[in-house]
Amino acid sequence: MVERITVDVGAQYVGAAVRLAVLSAGSDEAGPYAVVLVGSYPESTKVRLREGAPHRLAGGRTLRLGGVAPAGYRPTVALEIGDASADGAAP
Amino acid sequence: MSGSPGAVRAAATTIQASADGAASAGQTLRTLDVESWQGWAATRFRARRSAIAADVAEQAADPAAAARLLAGWADQMADADAEIAVVQDTMRAAWRALVALPPDLTVLPSLVRAQRTLAALRFLRERGALHVADQLFALIASDRSALGLTWPPDGWPPPQSLQTVPLGSTILDDASFDPLDVQQGGIGDCYMIASLMALMQSDEGDQLLRDNITWDPTLQGYWVTLYDDGDPVRYFVDRAQAGGAREGGAPGIVSIYEAALKEHLTFADLTNGGWPDDTFPIITGHDADEVTHDTGGGDPWDTGALRTRLSNGEQLVASTGSVSDDGAVKITVDRRDTDGNLQPETVDLHGPHSYAVAGVEPDGSVWVINPWGAGNSADGGGPFLVSAADFNLYFGNVGSSGGD
């Protein structure tokens, strides 16, 4: 099952599969990115997500960056929590 | 009543026809026999045909969604009008009995009940219209061809502003008014959640928050009093943001205030960050103020003045600026263990972000609480003590609820 969520920078998502907070987001020369603190303190991990480069979550699921809200909006990220089968997610 | 179900249904039919036309044009392009065409233009057209057909067909998606919305609203409006007609018939019959000779005074209670029901039905019908208008606006705002905006991405759930959940009727009875039960959600309103948490640290603050919320059993929702330049403004709230603030994992007092603030500020303004000294007056109706500090200037905070404010009954929210390129910096803080002793630990301090202030020590160190709440990814929740040096380095603003 794939779950699609949007989270503002400076805000968090509390779900059954994962808890995370979005620390920053934007675009640079390599494209859109989001810095996400994944997991609960003190075991949380800081991850810099890029489109097409998913992060492997505990429990075999993946966290993917779906997009970063375009200019004019407060930085908001679209995140997809899904199964790890699709591609090789970095641990 | 304003709004005609028939006229809205007719508009839905017209819009659906244009959506069907676009879908049909896409299908025609896709099935057009171009294999026999010859020449440079034919080759280019064949190469681009699929993309053009897909673009044309995509133009049908939003009008079709708008047509479905309007058709659904026409049905809801018709149902509401039927209910209203029944209540009006009841009222007319009761009125005739009341003015007859001799008058039948026993119908008075049912007449009063019917009047209340009629007012509630009319109110909910108006709110339904506003909700549909919001959804139509979201279709426009998420259209890649309008204003250059595309959010959320195609195929994703609707904008966060439109995803809501019902509010239960017992929130005022069940609420703990404990800031440690509060969790900010996916909305960028830390300044508001931290302000509410700060107010929850005193009995007076709890009472103020409680007094400004009233459950309406007829409308099945809450009336929330906010303030505009000190003047009370009332908002009706019957749903919380789906990804919004929670208390103990469920919609609570902060969820009700978040929904009311959404009405007061609009969602775009609510989610776009803010300052506690602007937020306290909206919630309390009283003047508030702020103290700012140059984090790069080398001068320390006057934390003695902050201690005085707390002892005068003011509630404080401290805000960080940008702390690093990736939005967080690791700092060593102190936290009380179960025996009450201070124990050092390392947490992520986020910025820009607002934290409720839980106390100021004589040495200038400051107790803060992250509105992300219990178990959060950065510091685990609960109060932790930021050293005076780190408070000087990272916190540039303290908003106060005001002492009067």
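This is a predicted model: local features need pLDDT of at least 70, side-chain atom pairs count only at pLDDT 80 or more; totals for chains, interfaces and linings use all residues.
## The interface between chains A and B

The size of an interface is often given as the accessible area lost when the parts come together. Here, chain B and chain A bury about 2,700 Å² between them. Carbon and sulfur atoms account for 53% of that area. Three residues stand out on the chain B side: Trp151(B), Trp156(B) and Ser377(B). Together they supply 30% of the area that chain B buries against chain A, more than any other three residues.

The contact draws 39 residues from chain B and 35 residues from chain A. Between the two chains there are 20 residue pairs in polar contact, both partners at pLDDT 80 or more. Two strands of chain B, β10 (328–336) and β11 (342–350), each supply at least two residues of the side that touches chain A. The largest share, five residues, comes from β11(B). By residue class, the side of chain B that touches chain A holds 13 nonpolar, 20 polar and six charged residues.

## The salt bridge at Asp326(B)

The count of salt bridges between chain B and chain A is one. Its partners are Lys46(A) and Asp326(B), whose side chains meet at 3.1 Å, N to O.

Where does Asp326(B) lie? Asp326(B) is found in the loop between β9 (316–320) and β10 of chain B. Leaving aside neighbours within four places in sequence, Asp326(B) is in contact with Leu23(A), Ser24(A), Val35(A), Lys46(A) and Arg48(A). Within chain B, the Asp326(B) side chain also makes a polar contact with the side chain of Ser324(B), at 2.7 Å. Phe123(B) lies 47 Å from Asp326(B), C-alpha to C-alpha, with a sequence separation of 203 residues.

Ser44(A) sits in the loop between β4 (31–38) and β5 (45–50) of chain A. Is Ser44(A) buried or exposed? Its relative accessible area is 18%, so Ser44(A) is buried, the cut-off being under 20%.

Which residues does Ser44(A) touch, not counting residues up to four places away in sequence? They are Leu37(A), Val38(A), Gly39(A) and Ser377(B).

Strand β4 of chain B spans residues 221–228 and is mostly covered. Seven of its eight residues are buried. β4(B) pairs with both β3(B) and β5(B).

Strand β3(B), residues 213–216, runs antiparallel to β4(B), joined by four bridges. In this pairing, Trp215(B) has Tyr222(B) as its bridge partner.

β4(B) and β5(B) form a hairpin with two residues between them. Asp229(B), in the turn, has a positive phi of about 55°.

How values were computed. Residues are numbered from 1 along each chain as its sequence is written. Chains are lettered from A and ligands numbered from 1 in the order in which they are written. Side-chain values use heavy atoms; hydrogens and water are left out. Contact means heavy atoms within 4.5 Å. Buried area is the accessible area (1.4 Å probe) that two parts lose on being put together, summed over both. A salt bridge is a side-chain nitrogen of Lys or Arg within 4 Å of a carboxyl oxygen of Asp or Glu. A polar contact is a pair of N or O atoms within 3.5 Å; within protein, one must be able to donate a hydrogen and the other to accept it, and residues adjacent in sequence count only if both atoms are side-chain atoms. Ala, Val, Leu, Ile, Met, Phe, Trp, Tyr, Cys and Pro count as nonpolar, Asp, Glu, Lys and Arg as charged, and the others, Gly among them, as polar. Buried means under 20% relative accessible area, exposed over 50%, partly exposed in between (1.4 Å probe, protein chains only). Two strands pair if DSSP finds at least two bridges between them.
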